[in-house]
Amino acid sequence: MSTTAPTAPVAGVGVAPGTTATTAPRAARKRAVRPDGTPRWAELAARATVWATVPSGLWRLALGVGIPVGFSGELAAVFEHNTPGWGTAYLVTLSGLAEFLAFLTLGLVRPWGEVAPSWIPLIGGRAVRPLAAIVPAAIGSAVLTYIGTSALFGGWADQLSDPEAPQGLAAVVMTLCYLPMVAWGPLVAAVTFAYARRTLGRRR
């Protein structure tokens with residue numbers, strides 16, 4: 001008769017109670033996807049889209065209220081003459097519009113991107129047709145990607161080469177504020193892909 005004490009299985013070492021080494025990876029994969037099928041990475045990309053427009057918006061608001069941001073010569077005179085003034089209204093509107101468009105990306109990972117909120121006239125409470133969201137988002141991402149790529153590869157350098165444009169530290173601050181917007185288009189494209197894959201897949 002053997003006197004060797006039974007040993008505990010080692011396969012589950014380090015695994016939470018009630019799980020096994022086999023089920024743990026499955027649980028991790030499930031946490032990476034919400035119940036509605038939205039991947040975790042798409043949620044994070046949508047949030048990043050909103051934040052990508054914030055630094056440039058704050059920079060424009062600073063310019064709009066008359067804070068010196070580094071322009072000189074005639075450009076500085078134009079801004080000083082129109083801010084505060086109609087130039088302020090323009091810059092505030094532009095910043096608000098950019099943030100609003102970025103915020104719409106959240107609809108691709110939120111329930112209101114599939115069912116219109118009840119407070120919206122005429123379409124409130126109705127299901128959103130996937131292509132009605134996919135097509136504008138895809139076009140927008142393509143345009144934004146083109147603008148961002150053009151700025152990154154030549155356009156931005158050309159603007160900063162103007163002697164009246166911000167120079168030195170002011171140019172660095174301006175660049176850092178606008179640099180996140182280069183990611184705006186690709187982020188929208190990624191979130192749109194996830195939305196299309198989820199919503200169009202349900203119709204098959």
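Helices (H or I, at least four residues) and strands (E, at least two) are taken as DSSP runs and numbered from the N terminus.

## Basis of the model

This is a predicted model, in which local features need pLDDT of at least 70 and side-chain atom pairs count only at pLDDT 80 or more, while totals for chains, interfaces and linings use all residues. Residues are numbered from 1 along each chain as its sequence is written, and side-chain values use heavy atoms, with hydrogens and water left out.

## The largest pocket

A pocket is defined on a 1 Å grid over the protein atoms alone, as an open set of points where a 1.4 Å probe fits, with protein on both sides within 12 Å along at least five of seven lines; lining residues have an atom within 4 Å of a point. Grid points are joined across faces, edges and corners, and a volume is the space filled by probe spheres set on the points.

The largest pocket holds about 1400 Å³ of space, and among its 50 lining residues Leu101, Gly140, Leu144, Trp184 and Val188 lie nearest the centre. Helix 5, helix 6, helix 7 and helix 8 each supply at least two residues of this lining, with the largest share, 18 residues, coming from helix 6. By class the lining divides into 36 nonpolar, 10 polar and four charged residues, where Ala, Val, Leu, Ile, Met, Phe, Trp, Tyr, Cys and Pro count as nonpolar, Asp, Glu, Lys and Arg as charged, and the others, Gly among them, as polar.

## The second largest pocket

In the second largest pocket there is about 200 Å³ of space, and of the 14 residues that line this pocket, Leu63, Phe79, Gly87, Tyr90 and Leu91 are the closest to its centre. Helix 3, helix 4 (73–82) and helix 5 are the elements that give two or more residues to the lining, and helix 5 gives the most, with five residues. The lining has 10 nonpolar, three polar and one charged residues.

## Salt bridges

With a salt bridge defined as a side-chain nitrogen of Lys or Arg within 4 Å of a carboxyl oxygen of Asp or Glu, the count comes to three. Glu43 pairs with Arg47 at 3.1 Å, N to O, and these two residues are four apart in helix 2 (residues 40–52), a separation of about one helical turn. Glu43 is buried at 4% relative accessibility, whereas Arg47 is partly exposed at 39%; buried means under 20% relative accessible area, exposed over 50% and partly exposed in between (1.4 Å probe, protein chains only).

Arg110 also forms a salt bridge with Glu43, the closest N and O atoms being 2.8 Å apart. Arg110 lies in the loop between helix 5 (86–104) and helix 6 (130–160) and Glu43 in helix 2, so this pair ties together parts that are 67 residues apart in sequence.

## Aromatic pairs

Rings of Phe, Tyr and Trp (its six-membered ring) pair if their centres lie within 6.5 Å, with planes under 30 degrees apart counted as stacked, over 60 as edge-to-face and the rest as tilted; by this rule there are five aromatic pairs. Trp59 and Tyr178 form an edge-to-face pair, 5.7 Å centre to centre with 70° between the planes. Trp59 and Tyr178 are both buried.

Trp156 and Tyr178 form a tilted pair, 5.6 Å centre to centre with 40° between the planes. Trp59, Phe71, Phe79, Trp156 and Tyr178 form one aromatic cluster.
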